[in-house]
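I opened this model to look up a few helix and strand details. My notes are below.

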Amino acid sequence: MTGDELRQAFLNFFEDRGHKVIPGSSLVPHKDPTLLLTSAGMVQIKPYFLGLETPPSQRLASCQKCFRTTDIDSVGDSKHLTFFEMLGNFSVGNYFKRETISWAWEFVARYLGLPEERLWITIYHDDDEAFAYWRQIGVPVEKILRFGEKDNFWGPVGDSGPCGPCSEIHYDLGEELGCGKAECKPNCDCGRFSEIWNLVFTQYNQDQSGRRTPLPKPNIDTGMGLERTLAAIQGKSSPYETDLFSPLVGHICRLSGKKYGRDENTDRAIRIVTEHSRGIAFLIAADVRPDNVGRGYVLRRILRRASLFGRKLGLNDPFLNEMAEVVVSTMSHIYPELMANQSLISEVVRVEEEKFVTTLDTGLNLVEKLIGEALAQRREGLTGEEVFRLYDTYGFPPELTAEIAREKGLSIDWEGFQAEMEKQRERARASQRVVTGSVHMRGKGKLKVKATVTHKQTRFVGYQKYSSRSKVRDLITNECSVRSVGEGSEVDVILDKTPFYGEMGGQVGDRGEINSQEGKVVVTNTLRTHSDAIIHRGKVVEGSISIGDEVEAKVDVARRLDIARNHTATHLLQAALRQTLGNRVYQKGSLVEPERFRFDFSHMASITEEEREKIQRQVNEWIRQNLEVKAKTLPYAEAVAEGAIALFEEKYGEEVRMLTIGEPAMSKELCGGTHVKSSGELGMFLITGESSIGTGLHRIEAITGREAEYLIESRSAALQHIAKEVEGSLEEVPDKVKALIGELEAERKKGLLLERELSRRIAEDLPGQAEQVSGVTVLAARVPPLTMPILREMGDILRDRLKSAIVVLATVYNGKPSFLAMVTPDLVARGLHAGDIIDQVAKVAGGGGGGKAAMAQAGGKDASKVDEALKLAKSVVASRVSSH
């Protein structure tokens, strides 16, 4: 049985037992701030267990791609993985322990045919119910082991969530792989036993304080490791020997000329490169980019670790993009996002690895030097300051430093490293001098849904109309549900149905008003909860409003249409981008407001001015064609089959809304936002800005409709004003302005020549003002207003003429004092330093500065103190001479 066959067999098995097979979610968790990355199949099921969302079925099954950062340092042995696939079956309040245990045993022992004598069961120490069910299906008593909370109680994914006791199925890989001890059994660290399936009986919900409360209905969450189970089926001692990894292992062996299975150090390096290559490709496909924080740092860390161990295999040049291509070619038939992002994956890997390789030799040499010093000094490890310097100056990951040091028997002072990191953060905070307050949603205050999470979905009718007769279902003020609110009160209103669009998918929420016979609410924002209840946030401006009131909900139509124009424009823009730059372009984020919109997308190369103009022209051409904009609801799989573009990191339901522009379609995307009926309603499209916002990420900002008209009008008025000022026609403005700039540049050069000539004449007279201070010639003088470059030229002239001297000059240019100090080489040799002198002098005028021993400059704040500062120069020189 191959990996593909095992994956499909599992899903078929549970589909035959009434489970609905659902697609796995993105590696970037959907709406779960407690998680860095998706680490279990239960992540997307969590809202169903908590009652926040309605599941498509009470019985579910999936194959979920997962990433666990806790195992990064362990990767390299024969069993640990960071990226893996988890097969899971789930019950949302339907079946419980008896069915779960029975089906699990049936699948592994009967369906897969794993030898029963090699199967062991572990259970939570007081779970007698599970023990009884395992005995009923024939598992011997001696093969059922009890363990405590550390091993057999499954905590929540993240900081909080569903949890409960678990039963695990372990597979005995053979005595020859064990430690030889009589007590060697499952959960022994020797590696003989491989846990292949975890059956979690989620009975509790744990909050962030650690408190557990029973769930309304117990649930089932199981996770079978595809790679580990496949190793057991194929009779392999490690997942790396299965068909899931063999193409990658074979490729790295061909690149390096090494053989797998002959040397443990070589094998470890091959496993690290192989394993991390999978994680790298999948993280980039999930819209993660290399960074120094968060998910981006996880990607950067495993990429650099793989590159380092490639070096140990003799691969000194970048090679990881080739490994990524193998991942794409062998796994994209299951995960199409790999093929869709193939060019992006290859380019991100290439750029990041090349950047790291340029510093790798330096970093490795420094690490080896520090390790040598530590061993020579008989120290037990590297200091936090040493590790931080490697990271801060050379970008060498501390984890790699620790790994190299560990090979030499040295530890790392992690506490000291974190202290240095905190000092750096404190310096950054101090330099920014930012006053911070509460973090709010963009101009709307915090969205607090504690009182609304149990609300049913609000029926949205805003695709068809801008007003509706509705009924007030709930009122929330100060996070509490109330029966009625009066004039002047701020309130969140929930209706049974509404034309108001709640902020979602990058589109801002609607504004408008809610009117009843008793009162009026001005709605300033509309939000959407996890349960799809739509919250109308606003203020009672007349009378009162109560639960049960019949109301008329009216959207601000002009504002809604502005938003719709901009939202439709994002679809036209993406189509134009893909047509101009290639199909590797995908949306990575957006913000759609009435006045403007921004659109973030993937593209590795810079965008030329010609490409930008071509994109803008294409969108405006489609606007002039007045293409029909149509929306329809259909199954997700059918929409994707029709070619609709979907966001890979987004979570979609069984039924989706597909927006099509034109016939034949030039744009087809999954979208729940509001749009115009035809492209001609946009009027005009203008790009107002384009920038790079990260590796392989760009942002375009643009406007349409009224805002585009206003911009054209204002630019036209400005151009006409300039034409009037330069006394020419609109067509003549570019040449006239160019001529004026040329004249100004000529005058600037003429002025510079005059200023330079003036400085030379002044310099001719200044040596006579020099004085002897403690046997040293000192010239301290104030000169007419000069720019700093000319002041330096004057200083050079005086230093050369005086041969041996200290020159201190001061000038006031545009009201601001400037100071210059120069010291001839013979006096520098005696220990005199221009930087020390100028710093003391400038402080008198409220400034400061510095520089090298031969030349330094500084600025000041108080022009009235310049003469006083120059007087101090002589005493400063005297003190410096006496000290040397």
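These entries cover a helix, a helix pair, a sheet and a hairpin, all taken from a predicted model.

**Entry 1: helix H14**

I started with H14, residues 398-407. Is H14 enclosed by the rest of the structure, or open? I found 8 of its 10 residues buried, so H14 is largely enclosed. I listed the buried ones: Pro398, Glu399, Leu400, Thr401, Ala402, Glu403, Ile404 and Ala405. I noted that two glutamates, Glu399 and Glu403, are among them. I then looked past the end of the helix. Gly409 follows H14, and its phi is positive, near 80 degrees.

**Entry 2: helices H20 and H21**

Next I took H20 (residues 733-765) and H21 (residues 788-802). Their axes come within 10 Å. How do the two helices lie to each other? I read a crossing angle of roughly 30 degrees. Angles under 35 degrees count as roughly parallel, and H20 and H21 are therefore roughly parallel to each other. The crossing of H20 past H21 is right-handed.

I wrote down who makes the contact. From H20 come Leu752, Glu755, Arg756, Ser759, Arg760, Ile762, Ala763 and Glu764. H21 supplies Ile790, Glu793, Met794, Ile797, Leu798 and Arg801. I sorted the contact by class: 7 residues are nonpolar, 1 is polar and 6 are charged. I recalled one point about helices in general. An α-helix has 3.6 residues a turn, so residues three or four places apart point the same way.

**Entry 3: a four-stranded sheet**

I moved to an open sheet of 4 strands. In what order do the strands run? I traced E22-E23-E28-E27, with antiparallel pairing. E22 (587-592) and E27 (685-694) are the edge strands, and each pairs on one side only. On average, neighbouring strands here are turned by 15 degrees against each other, direction ignored.

I then checked the pair E23 and E28. E23 spans residues 597-602 and E28 spans residues 697-704. I counted 6 bridges between them, in the antiparallel sense. Which residue of E28 is the bridge partner of Phe599? I found Ile700 there.

**Entry 4: hairpin E33-E34**

My last stop was E33 (residues 848-851) and E34 (residues 855-859). The two strands pair in the antiparallel sense over 4 bridges. How many residues lie between them in the hairpin? I found 3. Within this pair, Gly850 stands opposite Gln857 of E34.

Notes
Residues are numbered from 1 along each chain as its sequence is written. This is a predicted model: local features need pLDDT of at least 70, side-chain atom pairs count only at pLDDT 80 or more; totals for chains, interfaces and linings use all residues. Side-chain values use heavy atoms; hydrogens and water are left out. Two strands pair if DSSP finds at least two bridges between them. Axes are lines fitted to C-alpha atoms, for helices over the stretch in contact, and angles run from 0 to 180 degrees between N-to-C directions. Angles under 35 degrees count as roughly parallel, over 145 as roughly antiparallel, 65 to 115 as roughly perpendicular and the rest as oblique. A crossing is left-handed if the near helix is turned anticlockwise from the far one by less than a right angle, and right-handed if clockwise. Contact means heavy atoms within 4.5 Å. Ala, Val, Leu, Ile, Met, Phe, Trp, Tyr, Cys and Pro count as nonpolar, Asp, Glu, Lys and Arg as charged, and the others, Gly among them, as polar. Buried means under 20% relative accessible area, exposed over 50%, partly exposed in between (1.4 Å probe, protein chains only).
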